[in-house]
Amino acid sequence: MRQALDPANATLQAPRKAVAELMVNKHFTHDASGKTGKILLSSSIVPCTVLERSDTSAKVRVLAAASLPERLNVEIDGQAREAHVAVRKQGPLGLDLWLDLKVLEISDAA
């Protein structure tokens, strides 16, 4: 037995579906061409994706979110920098970190 199609209900279903698909595409996509970097811990190296970067800050995404300290070293484009974690935000694609970067000074004096 076929049910009668309510015109008012049918017109609402299509926009809701379009909005839902738009939200999924907005929240669950990421730039696959992002640069990769490394968070250097004393006992391990954690790979990360560099989402944004300037001379003084960077936004990186870590997929395996272990307990990361407030101060850490990060390597981006082969350059190691000391960093302070300014903001942490857990998202559907991993942990996003906003880092304040400082030049890592290496002293050869012994």
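Begin by selecting L40, which counts as partly exposed because its relative accessibility is 26%. Here, buried means under 20% relative accessible area, exposed means over 50%, and partly exposed lies in between, with a 1.4 Å probe and protein chains only. The model is predicted: local features need pLDDT of at least 70, side-chain atom pairs count only at pLDDT 80 or more, and totals for chains, interfaces and linings use all residues. Residues are numbered from 1 along each chain as its sequence is written, and side-chain values use heavy atoms, with hydrogens and water left out.

**Stop 1: the surroundings of L40**

L40 is found in strand 1, residues 35-40. Helices (H or I, at least four residues) and strands (E, at least two) are DSSP runs numbered from the N terminus. Display V74 next: its C-alpha atom is separated by 5.7 Å from that of L40, although the two residues are 34 apart along the chain. Not counting residues up to four places away in sequence, L40 touches I45, N73 and E75; contact means heavy atoms within 4.5 Å.

**Stop 2: the whole chain**

Zoom out and colour by secondary structure. The chain has 1 helix and 6 strands, and from the N terminus on its elements run α-β-β-β-β-β-β. Of its 110 residues, 21% count as buried. Among contacts between residues at least 6 apart in sequence, 42% join residues at least 24 apart.

**Stop 3: the nonpolar core**

Select I39, V62, L68, L72, V74, L97 and L99. These are the residues with the most contacts inside the largest nonpolar core, which has 17 residues. The elements that give two or more residues to this core are strand 2, strand 3, strand 4, strand 5 and strand 6. Which strand gives the most to this core? Strand 6 does, with 4 residues. A nonpolar core is a set of buried Ala, Val, Leu, Ile, Met, Phe, Trp, Tyr and Cys residues joined through side-chain atoms within 4.5 Å.

Centre the view on L99. Leaving aside its neighbours within four places in sequence, L99 is in contact with T56, S57, A58, V60, V74, A83, H84 and V85.

**Stop 4: R61 and D96**

Side chains of opposite charge can pair when their charged atoms come close. Select R61 and D96, which form a salt bridge with the closest N and O atoms 2.7 Å apart. R61 lies in strand 3 and D96 in strand 6 (residues 94-103), so the pair ties together parts that are 35 residues apart in sequence. A salt bridge is a side-chain nitrogen of Lys or Arg within 4 Å of a carboxyl oxygen of Asp or Glu.

Are these two partners buried or exposed? R61 counts as buried at 14% relative accessibility, and D96 counts as buried at 9%. Strand 3, which holds R61, spans residues 57-62. Now show the surroundings of D96: leaving aside neighbours within four places in sequence, D96 is in contact with L51, K59, V60, R61, V87, R88 and K89.

**Stop 5**

Select D77 and R53, whose side chains meet in a salt bridge (3.7 Å, N to O). D77 lies in the loop between strand 4 (71-76) and strand 5 (79-91) and R53 in strand 2 (residues 45-53), so the pair ties together parts that are 24 residues apart in sequence. R53 counts as partly exposed because its relative accessibility is 36%.

**Stop 6: R88 and E70**

Finally, select R88 and E70. R88 forms a salt bridge with E70, with the closest N and O atoms 3.7 Å apart. The pair links distant parts of the chain, with R88 in strand 5 and E70 in the loop between strand 3 and strand 4, 18 residues apart. R88 counts as partly exposed at 35% relative accessibility, and E70 counts as partly exposed at 43%. How many salt bridges are there by this rule? The count comes to 4.
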